[in-house]
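Here is a report on one protein chain.

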Amino acid sequence: MAAKIKRHRGRFSQTIIYLGKHFRMFLFENDWKVLPMSAVIAGLVYFAVGGNLFKTMEGTLMGTFALACVCIWNGFFNSIQVICRERAIIKREHRSGLHMSAYVASHMIYQAILCILQVAIMIGVCHLMEIQLPQRSLITKWPIIDFGLTLFLITYCADMCALLISAFATTPTAAMTIMPFLLIVQLLFSGAFFSLPEKAMPFTYLTATKWGLTAMCAQGDYNSLPMVSIWNSAIKMKNVEIEGEKPFQEALVYIEKNNMRDDLLMRCAQQNQEPKYNFDKDIVLGAWSWLILWTVIYIILATILLEFIDRDKR
């Protein structure tokens, strides 16, 4: 009788049991290593591209792309192997009464907590390195909360995508083989950092990088920032001689002498503004909605795949 009750525990009870199992694995099987790894990766990215983040258009686009990549990397590594490494155990327990919805729910809760910790670490490293973050909020009263929610949604979306791959793959090796392909897709089809042909643009809607980058650029008020690439190019050409004269040097001296530099940078920026990065609440909420939509789709597909795990003969 006791064995029968144990086999048919309710979904809530099974969720709690497996959640406890995940936290034990976090403590005793070195799953906690993803947290210091997040700090190291964030520190390297901030060191490389954080200097002009939310200060110039170019620095913001590069920096937000890099931040989105860090979130994708963290999310993928959180769960890419969590199901496939215990696939045989799950199959056996499913035959004994395990509800796959409860099993997936336990992963959802555990991975959400893990993602929150990683985002807190990323923001903490940012403050330690004195990297500028958005100064104005659009959704909540606190800009740091808005920005943290964007980082969380990117990370969690990637996490659930990796959970789906882990549910599909039969071995950890197979899952790790698929992961680089997914990373390339996320990086290449971000929709902003790389120039893509028009026919490839619809694929950007499938990536978390596009929506994360869009939300962060909007939160950082991308279109109000100066553009410095033309000015930097002119400086590199200041010693170029044309018919014995240095026209670039003369122009630069004139601009500096008349305090026209900042105005020129803003004029350049005005010609390169992107409406999709406007400082607009609706843009941020739209990007968040897409991230949530893809997260839900990944969760549903992972649950369906696991429901048929007994029929898997691979």
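## Overall build

The model is predicted: local features need pLDDT of at least 70, side-chain atom pairs count only at pLDDT 80 or more, and totals for chains, interfaces and linings use all residues. Residues are numbered from 1 along each chain as its sequence is written, and side-chain values use heavy atoms, with hydrogens and water left out.

The chain has 13 helices and zero strands. These are DSSP runs numbered from the N terminus (helices H or I, at least four residues; strands E, at least two). Along the principal axes, the C-alpha atoms fill a box of roughly 95 × 40 × 35 Å. Contacts are heavy atoms within 4.5 Å. Among those with a separation of 6 or more, 78% join residues 24 or more positions apart.

The expected span is 1.5 Å times one less than the number of residues.

Helix α13 covers residues 281-307. Its 27 residues reach 39 Å from first C-alpha to last, close to the 39 Å expected. Buried residues of α13 include Ile283, Trp288, Leu291, Trp294, Tyr298 and Leu306. Their cover includes α5 (87-95), α6, α7 (143-168) and α9 (208-219).

## The largest pocket

How much space lies in the largest pocket? About 340 Å³. A pocket is an open set of points on a 1 Å grid over the protein atoms alone, where a 1.4 Å probe fits, with protein on both sides within 12 Å along at least five of seven lines. The volume is the space filled by probe spheres set on the points. The lining has 21 residues, and Asp31, Phe77, Asn78, Val82 and Arg85 are the closest to the pocket centre. Lining residues have an atom within 4 Å of a point.

Two or more lining residues come from each of α2 (11-28), α3 (34-49), α4 (57-79) and α6 (100-128). Helix α6 gives the most, with four residues.

Note on methods: Buried means under 20% relative accessible area, exposed over 50%, partly exposed in between (1.4 Å probe, protein chains only).
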